[in-house]
Structure formats: structure tokens, C-alpha cells
Amino acid sequence: MSAAHHEEETVTEGPKVLATRGRVRTVQVVRPNPHDTSFLAATATGLGITLKHFARNLFLPLRSAKSRAKAGAPVDESWKNEIETVQYPDEKVTYPERFRGLHRLTLREDGAVRCVACMCCPTVCPAHCITIVPEESNSKSIEKRPAIFEIDELRCVVCGLCVEACPCDAIRMDTGVHAHPVEDRADAIENRESLLGRGVRSIAHQGGEGPDWRATAAEKSPSGDVNR
Amino acid sequence: MSETVTLTIDGQSVTVPKGTNVLEAARTLGLDISAFCYHPGLPVVAQCRQCLVSIEKNPKLQPSCQQVVGDGMVVHTTDPASTLARKQQLEFTLVNHPIDCPICDKAGECTLQRLYFDHDNADSRVDTPKVHKDKAVDLGPHIVLDQERCILCSRCIRTCDEVAGQHQLEFAFRGDHEELTTAPGEQLDNPYSLNTVDVCPVGALTSKDFRFTMRAWELEATPSVCNGCATGCNVEIHHKNGRAWRLVPRHNPQVNKYWMCDEGRFTYHSAREERLAAATVDGLPAGWDRALASAAKRLGVFLKDASQVGVVLSALHTNEDNFALASLAKAWGAGHVYIAGKPPVPARADGRLRVADVNPNTAGVKAIAEALGLSATPAFELGTTLPANLRALVVLGDVLPGLDAGKLRELEVISIAAHERGPVPSARVALPAADWLEVSGTITNAQGLVQRMHAAFGPPGQAIPAWEAVVRLAHATGVKLAWTHPREVFKDMTAAVAPWKELVWAREARPLALRFAGSRG
Ligand code: SF4
Ligand code: SF4
Ligand code: SF4
Ligand code: SF4
Ligand code: FES
């Protein structure tokens with residue numbers, strides 16, 4: 001778009017300069033019309049939509065149940081399931097598989113805590129809600145572990161970055177559990193024991209072995225020549 | 001300088017002193033050739049081959065750390081041959097490397113990590129099991145070795161040989177079983193041993209003191225000067241959450257080169273201990289106002305005849321603190337002026353960095369007292385010849401040799417100190433001061449160099465810099481001292497002390513987040 005073209009465009013909103021005399025400018029202010037700014041019409045439309053859904057929820061399942069009954073199907077209470085709501089807490093919807101619930105710390109095969117207190121998760125956490133104090137462990141190959149591991153679930157923004165950052169598959173958010181309601185802020189702090197209490201054993205290789213390099217190299221190289 | 005040599009590196013011409021190596025010449029151009037075993041403070045061994053470059057008219061690649069520059073030399077660092085050589089060399093180094101980064105203390109400041117990202121950043125091509133070696137090998141009182149992580153650069157061996165003058169480390173075995181060990185019958189135990197941890201380009205050597213406390217990238221670095229002795233090694237305070245986690249040396253060719261001693265590194269511990277965080281009157285916590293009023297009342301009686309008042313300057317405090325107190329002593333016309341400091345430790349002096357005088361500012365406080373025309377006596381003599389007319393004593397610092405608690409109680413002692421030790425518990429009034437990690441100021445080392453310290457974090461509780469406490473005490477006793485910033489004290493001080501006439505106050509240093517600092521060692 002050329003600059004000249006730009007200038008020709010008419011001003012539809014905001015002040016429009018009608019005349020300039022020295023430092024005095026006469027402007028015309030174009031205001032949106034009151035019909036658009038009152039939101040009355042929009043409110044009515046919204047209410048209409050709500051009512052429509054209400055009516056459909058109420059009558060549609062009933063009508064389909066009636067028509068099923070007419071067709072000879074047994075009459076039961078199952079039509080209530082078609083109403084788009086659940087009777088919480090008696091009923092619960094199933095969450096998607098990747099729902100991020102309360103954190104847990106996983107265990108190594110021998111039952112020791114997998115976390116090596118590398119500090120990647122507190123570093124990446126945007127809410128600064130992870131506190132780790134490392135200590136020397138008695139294992140000869142994995143020398144470090146957390147003495148204190150705390151997550152303030154009230155501050156957590158449930159972003160899942162801690163899980164992404166962990167090089168050890170030590171922290172996960174796959175419990176499917178909500179953060180519990182608490183009466184005291186301090187009670188929302190999960191500690192090493194409570195996190196491990198939800199823990200599962202992880203069999204992921206700790207120490208790092210990559211995929212077969214030949215497979216990946218052949219994929220990358222069009223000629224399939226892996227001896228670059 | 002004497003002769004210079006001009007050469008071309010990657011098409012850029014550079015002139016350097018004769019005898020410089022190609023790697024250093026490239027660094028002056030801002031070209032960072034990868035290197036492991038080369039350290040500017042150590043002899044060159046060209047052992048790691050990580051710094052290979054192409055030199056025209058030379059059929060083979062040359063290690064740039066060992067190659068001395070020649071006139072008209074044409075060096076290439078980005079040509080395919082040398083780039084590939086360095087990349088492959090790095091791959092060799094990584095063949096048996098355990099990739100322990102999550103538990104490795106060097107992660108975040110590791111040269112191997114940095115070079116991997118710079119050079120290769122590709123998956124490992126090795127599918128045979130790695131050679132395993134011992135982990136967490138205890139080398140001595142301060143250091144733990146991880147033999148798997150060692151890349152056999154020999155920097156630590158040379159550091160012991162050159163900096164401490166003691167041969168305590170060696171390589172044993174050959175090929176991929178080669179490993180670092182202590183020399184027969186030796187431990188890694190010398191007064192400079194922790195420098196090996198700094199120079200180690202990987203996390204093979206770790207300091208027991210720092211190990212597993214903090215990750216490097218969490219820390220912030222503030223430049224300062226070690227207060228462990230009169231050498232005044234330049235250091236970086238690595239701190240986080242209002243406390244220091246380690247001290248590491250900062251390069252200063254005039255003072256400490258690249259090194260510092262182990263004892264100096266540990267001084268940050270005592271800086272946290274027994275802190276005086278609130279003003280006290282008769283040993284009980286009081287607010288600043290009450291403490292100052294009480295001090296003024298007690299001193300006021302004797303200030304009518306100021307020959308009854310003594311002032312103790314401290315060789316452990318900054319020039320500014322001492323200048324403030326010396327100025328106050330002069331304004332009062334105090335009858336006695338002393339200089340306190342820790343007694344010398346002759347066994348420390350080794351002709352390297354460590355000296356017998358364990359006070360960081362002996363030279364400074366002497367120069368100040370002399371410039372202000374105060375005849376200052378060492379505080380050691382206080383105990384033997386307690387002057388008959390001495391009634392009140394204003395003491396800077398927490399060290400006062402020669403006077404025991406009983407004798408101190410006979411006097412009206414006003415303390416300005418960071419710690420509740422030495423004379424402070426016996427003081428009638430104690431005013432809390434900042435310790436050296438928390439002050440912005442200058443100290444003068446044994447060579448007479450006035451060096452600048454920067455505050456890494458704030459002092460605890462009600463503590464304030466000692467010079468400011470002196471200003472408050474001065475106001476309470478009716479003496480006007482108008483300083484509001486150490487820079488102003490410094491300005492008046494350099495005007496008064498002739499040898500420091502030319503000195504200027506350096507800009508405040510902002511702490512550098514180590515996550516932006518690249519690799520260290
Ligand atoms: S989910 Fe996000 S906010 Fe919560 S602990 Fe993990 S990184 Fe922090
Ligand atoms: S990232 Fe994983 S291993 Fe590292 S501290 Fe967090 S939970 Fe532990
Ligand atoms: S321990 Fe560190 S400094 Fe010593 S040879 Fe090994 S890698 Fe080099
Ligand atoms: S030699 Fe002195 S100044 Fe240097 S690090 Fe040791 S104690 Fe500190
Ligand atoms: S740095 Fe040149 S060979 Fe090691």
C-alpha cells in the first residue's frame with residue numbers, strides 16, 4: 001500500500017481536522033452512535049441465547065425420551081443424562097488425559113526419590129513457588145537429592161513448565177487431582193513427603209542414553225549416508 | 001612495551017607484543033577460540049588440542065595456545081579444516097563424559113557445556129558403554145574429585161605446582177583409563193588448593209564448602225576485595241537471598257593475578273556469625289534513638305575535658321569508616337587515639353599471597369591517622385599502659401586486643417561493630433554496623449593500593465555502614481559531619497590524605513547475574 005493511498009482514507013473515528021489557523025485547529029469529533037454504545041440490544045441477544053439453551057436442555061431430552069417410548073423402548077431415567085450438566089459432586093466429568101493436576105514426585109526403581117535437586121524446575125517456574133534445599137545422598141552414582149522440596153500450590157499457575165524442565169522424569173502433574181481446598185495458606189504447601197506420597201515408580205533411564213544415532217542420522221541425511 | 005608483531009587472524013590485522021600466543025592475540029580481536037587446557041596464569045602445555053587453528057604455509061593445524069605469533073602470520077579460525085578439527089576434538093572429549101549436568105556443580109558455568117553448544121550441539125554417535133571411573137573421590141580437606149568428569153587438561157596439576165608450589169596432583173594410567181589422582185603420599189591440601197576448583201573447566205573438582213548448596217546460575221556476582229589479610233586479593237562475592245555463598249578470585253595483575261587463598265575464601269562464613277543487628281544499651285536491645293541519646297549522655301560528661309576520651313580506629317574497617325571516626329576524634333579533641341587489629345600470624349607469610357598481617361586495612365588506617373595529625377598507638381599497648389585519665393572509649397570494630405572484659409567495664413565503652421564479639425558485649429552502648437560484604441568503600445592493602453569494595457547486599461536488621469554510625473554519633477554529641485554517602489567521605493578523605501590525592505570514586509557496580517556470565521574456569 002502506497003503512502004499516497006493511505007492519506008486518502010477517510011477518518012471514521014476520532015477527531016477530524018476541519019481547519020487549521022496558526023496553532024488553533026478546528027476539529028470535528030466523530031462519535032459512535034448511541035445505539036451501538038448502550039449494549040441494550042446485545043444484552044437482550046445474550047439473554048436470548050441463554051434462554052434458548054435452557055429450553056433446549058429442559059425439553060429436548062424429554063422429547064427424545066418420549067419419542068423413544070413411542071417407538072417401544074423401555075422408559076427409564078436415562079434421558080436425564082442428556083441434560084448438559086453433571087450432578088457434582090456425586091458425578092464427575094472425566095478430565096482429558098493431559099489434565100495438569102497436583103504435582104507428584106516419582107521414585108526410582110529402588111524406591112529412592114528420583115529428583116536430583118538440579119534446580120531446573122525452580123529456575124523455570126514463573127510463579128517462584130518451588131523451594132528446594134539439596135543435600136548429599138548416600139548413593140555413589142547419583143550423589144545429590146532434595147532434603148526439602150516444597151511447592152506452594154496456591155502460587156502455582158499450573159503451567160506445567162516444571163514438568164517440561166525436569167531432566168529426570170522426577171516431577172509430574174499427572175495425578176488428575178485438584179489442588180485441595182485449604183483453610184490456611186500454609187496448608188497449601190506440598191512438601192517432599194506429600195509429593196512422594198502420590199509418587200509412582202518411573203522406569204525412565206536415569207543417566208541419559210539417546211536414541212540410536214544411526215537411525216536419527218539416516219533420517220536427517222537425504223542420501224542415507226550416516227558416515228559423514 | 002618492547003617489540004610488537006603484526007599478524008592477520010580471520011582477515012583482521014592485529015598488533016600484539018612479541019611472544020604473545022595466537023589464542024591471546026585472537027582474544028584481543030574478540031575472537032574466542034575454544035580451549036580447555038590453556039589458562040593465562042599457567043604454563044602452556046597444549047594438551048587438549050581444543051584450540052587448533054590453521055596457519056597459512058603450515059601444513060598441519062597448530063594449537064593456538066602454544067603457537068607464538070610471528071610477523072605476517074596469517075591465521076584462520078573459521079576455515080572448514082580447523083572448525084572440523086575442533087568439533088571432532090570436542091566429540092572425543094565427550095566420548096566417555098558422564099553428562100552429569102543435573103547433579104554437577106559446574107553446570108551453568110561449565111566450559112564443556114558452553115563449547116558443546118557453540119560447536120556441536122548434536123546427538124552422541126557413541127553406542128558402546130562409557131568407561132566408568134570413581135565418583136566423589138575425597139582428595140583432601142576441601143576438595144572432592146569426580147574422575148569421570150575430568151577431561152584431563154592438567155590445569156589443576158599446574159595450579160598446585162605454580163600457585164602453591166606443591167606437587168600434589170598427577171595423572172595415572174593411560175588412554176581412556178587415564179585419571180587424575182593425588183601424587184604418591186600426598187593429599188590435595190595446600191593453602192591455595194581451591195584455585196584448582198576455579199580453573200577446572202568442568203565439574204571434576206568441587207569445593208566441599210560450596211558443593212550442592214547453590215546452582216551457579218542462581219547466583220549474582222559483586223566485585224569486592226578480600227578482607228582476610230593485608231594482601232587484599234580481588235574477589236567476586238557470589239551471593240543470593242541476602243547472603244554470600246562463595247568467594248572467588250577476580251583477576252588483578254598487580255595484586256593477586258588469578259588467585260586467592262583458601263582461608264580468604266572461607267571468611268564469608270564468619271561475616272554471618274554473631275551479628276549485632278540492633279543497637280544495644282547495657283547489653284539490651286534498644287532503638288537507634290535511645291542508643292544514641294544514651295551514648296551522647298555518657299560521652300558528654302567526659303567530652304568537657306576530651307583528654308579523658310579515647311578513640312580506637314580499626315584496621316579491619318574501611319578507609320571511610322576510619323576517616324569518619326578519626327575526623328570525629330579530631331573534632332572532639334580526643335586525648336587518646338589507638339589503632340586496633342588482629343595480632344599478626346607469622347606462620348601465614350609464604351612469599352606468595354598470604355602475609356602475616358591479617359588485617360585488611362592496616363596501611364589505610366595508619367595513613368589516615370597520620371594525615372589528620374593524630375598520634376595513634378597500637379591497641380596492643382592499651383592493656384599494659386592504660387592511661388590514668390582515660391574514662392571513655394569509642395571503639396570501631398569487634399577486635400580490641402590487650403583489654404579484657406574486666407578492664408573494659410571500668411571504662412564507658414561505646415562500640416561501633418558488626419559482630420557481638422571482642423569488646424562489644426562489654427560495651428555500654430553498641431551501635432550495629434555493616435560487615436565488609438555489605439559495605440561500599442575502599443581499603444588499602446600492604447602495597448599501598450587503595451582498592452574499592454562494593455556492597456553485595458544490605459546489612460541485617462538495624463545495622464548501617466560504620467561511617468554512617470559515626471555521623472549519627474557525631475550529631476548526637478553536637479559535632480556536625482555532613483556526609484550522606486561514602487563517596488562524600490571518600491572525597492574529603494582523598495583531599496586530606498596526600499598520597500591519595502589523585503584517586504577517584506569508581507561507579508557503583510551492579511551485581512552481575514551469573515546466568516549471563518558464560519563459563520568460568
Ligand atoms: S506448574 Fe508452573 S507454576 Fe506450578 S510449580 Fe510447575 S512451573 Fe511452577
Ligand atoms: S527439575 Fe526434576 S530433578 Fe531437577 S529439581 Fe526439579 S524435580 Fe528435581
Ligand atoms: S580435574 Fe579439572 S582441572 Fe584437573 S585435569 Fe581434570 S578437568 Fe582438568
Ligand atoms: S591472601 Fe589474604 S587477601 Fe588474599 S585471599 Fe587470602 S586472606 Fe584474602
Ligand atoms: S587450549 Fe590449546 S591445546 Fe589445550
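Start at the interface of domain 2 and domain 3 of chain B, where the rule finds 0 salt bridges (a side-chain nitrogen of Lys or Arg within 4 Å of a carboxyl oxygen of Asp or Glu). This is a predicted model, in which local features need pLDDT of at least 70, side-chain atom pairs count only at pLDDT 80 or more, and totals for chains, interfaces and linings use all residues. Residues are numbered from 1 along each chain, chains are lettered from A and ligands numbered from 1 in the order written, and side-chain values use heavy atoms, without hydrogens and water.

To see both partners, select 126–213 for domain 2 and 280–501 for domain 3 in chain B; these bounds come from an automatic or database domain assignment. Their centres, taken over C-alpha atoms, are 44 Å apart. Domain 2 of chain B brings 6 residues to the contact and domain 3 of chain B brings 4, with contact meaning heavy atoms within 4.5 Å.

Between them, the two domains bury about 360 Å², 50% of it on carbon and sulfur atoms (the accessible area, 1.4 Å probe, lost on being put together, summed over both). Now highlight B:Val163, B:Pro191 and B:Tyr192, which supply 79% of the area that domain 2 of chain B buries against domain 3 of chain B.

Next, move to ligand 3. Which residues come nearest to ligand 3? Pick out B:Cys150, B:Cys153, B:Ser154, B:Cys156 and B:Cys200, from the 14 residues around ligand 3 (each with a heavy atom within 4 Å).

Finish at ligand 4, whose surrounding residues include B:Cys226, B:Cys229, B:Cys233, B:Cys261, B:Arg348 and B:Arg354.
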